[in-house]
Amino acid sequence: MALDASVKTSPDFPIPETMKAWVLGDPDQLTLTEKPVPSPKRAEVLVRIDAVAICATDLEIIHNGPPAMIQGGAPFNKNFTPGHEYMGTVVALGEGVDEYTIGDRVTVEIHAGCGQCKRCRQGMYTSCHNYGLNYGDRNKGHRANGFTTDGGFAEYAVNNINTLVHVPDDMSDEEATLVVTAGTAMYGLTELGGLVAGESVVVTGPGPIGLLGVAVAKALGAQPVILTGTRDNRLEMGKKLGADHTINVRNENAVERVREIMGGKGVDYVVECSGASNAVNEAAQMVNRGGRICLAAFPHEAVPVDVAYLVRNNIYVYGIRGEGKSATHRAAAFMEQKRFDATLIHTHTFPMGDLETALKYARERIEDAIKVVVKNDHAVSQRAEAAE
Ligand SMILES: [Zn+2]
Ligand SMILES: [Zn+2]
């Protein structure tokens, strides 16, 4: 397929007709194939993908299917390309786009809402009521790249301009892939949670969202910021990112220790990133009366929750799914100002052709992998030129 006639391109970035793309067949089966380069429509650009970070959700999608949903069903054997935490270079502009210029470095958020449902009209496009409706005769234009539409384990992807964030020159490709993770933490803390400076925060679970949750909470002026987890090296990293206290739950009772640090009262806010089966009950014991609990992870099974305790203590509980309300732009601003060093959580880089090795490192946490990034050859060679 060639690009639509209305698409603007530049001789600096010649665009081939086809590209290399990883495609999901049966569960756990990825194949490197050739696909047509997609053409950006109105309010969309074509992004040449330079780097992609692997997320636990990618592993989930490739192995189990959900939360990816292609043409209303499981993502298997539908010529679907996963990958959602990517960054790259704008190389073609769809009709009406003047917000971005060809050659701009950008990182992306995942969701472009339909723009016409109740939630999109409230700015809550990650809760779009037309989620996944982007095909056939029910095409509402919703996109969640790497979930309901093609993602980043490829050479090019189409993105709505609402999903783009400018990347400053001095930010590496690898760091730029982490903006959306920091944006997810930002969304949970401020847009949904209403965190203001001076409030106290516990983050449970030092995965990528938890660690950047610590960093963003600290940069927002939270005090104290407490991180709980099971591995000392991750907790150490949490300290470097701004945690005032860390608690290894293998050695200490986290609830008791939090209440001790807080003089018996508990914190204003818990961001739950562990997905442990008793996490909601423990978080409830960690917050003070009227406190808030943000659920950013979940156990696979349904779990019992002490609802009476939540009710008696006026505790607010809410789930977040990914980024929202353009919080990625605010997280990117923190990173541009170097308010925290997100690159601490980037541990490995592989060429895109070695995606399977990269996924294995992420899945099995080989060499204590946290964020594993894959890069396309053009980005790697460009980097070498820049270094000379
Ligand atoms: Zn992700
Ligand atoms: Zn919508």
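**Entry 1: the annotated span.** I started with UniProt, whose unreviewed entry puts the feature "domain: Enoyl reductase (ER)" at residues 25–374. UniProt positions follow the numbering used here, feature names are shortened, and annotations may be inferred rather than shown by experiment. In the model, the end C-alpha atoms of residues 25–374 lie 20 Å apart, and the span is 27% helix and 24% strand.

**Entry 2: ground rules.** I noted that this is a predicted model, where local features need pLDDT of at least 70, side-chain atom pairs count only at pLDDT 80 or more, and totals for chains, interfaces and linings use all residues. Residues are numbered from 1 along each chain as its sequence is written, while chains are lettered from A and ligands numbered from 1 in the order in which they are written.

**Entry 3: the whole chain.** I looked up 12 helices and 17 strands for the protein chain; helices (H or I, at least four residues) and strands (E, at least two) are DSSP runs, numbered from the N terminus. The C-alpha trace spans about 65 × 50 × 40 Å along its principal axes. I also checked the radius of gyration: it is 21 Å, which agrees with the value near 21 Å for a compact globule of 388 residues. That radius is taken over C-alpha atoms, and the globule rule is 2.2 Å times the number of residues to the power 0.38.

**Entry 4: two domains.** The assignment, automatic or from a database, gives domain 1 (18–110 + 145–167 + 341–387) and domain 2 (181–319). Their centres, over C-alpha atoms, are 30 Å apart. I found 9 residues of domain 1 in contact with 12 of domain 2, where contact puts C-beta atoms, placed from the backbone, within 7 Å.

**Entry 5: cores.** Buried residues (20 or more other C-beta atoms within 10 Å of their own; exposed is 12 or fewer, partly exposed in between; C-beta atoms are placed from the backbone) make up 47% of the 388. A nonpolar core is a set of buried Ala, Val, Leu, Ile, Met, Phe, Trp, Tyr and Cys residues joined through C-beta atoms within 7 Å. The largest has 107 residues, with A182, V216 and A217 having the most contacts inside it. Helix α5 (residues 208–219) gives the most to this core, 8 residues. Both domain 1 and domain 2 give residues to this core, so it lies between them. A second, separate core has 6 residues, including A112, C120, Y125 and C128.

**Entry 6: helix α1.** I looked at α1 (residues 56–64), where D58, I61 and I62 are buried. They cover an arc of only 90° around the axis, which puts them on the same side of α1; the arc is that of the directions from the helix axis to the C-beta atoms. The buried residues of α1 pack against β1 (18–24) and β2 (30–36). Just after α1, G65 takes a positive phi of about 110°. Then the peptide bond from P66 to P67 is cis, omega near 5°.

**Entry 7: P224.** I found another cis bond, from Q223 to P224, with omega near -10°. P224 lies in the loop between α5 and β11 (225–229). It is partly exposed, with 17 other C-beta atoms within 10 Å. Leaving aside neighbours within four places in sequence, P224 is in contact with S200, D244, H245 and I261.

**Entry 8: positive phi.** N314 has phi near 50° without being a glycine. N314 is exposed, with 11 other C-beta atoms within 10 Å. R365, not a glycine, has a positive phi of about 50°, in the loop between α11 (355–364) and β17 (371–375).

Conventions
Two residues are in contact if their C-beta atoms, placed from the backbone, lie within 7 Å.
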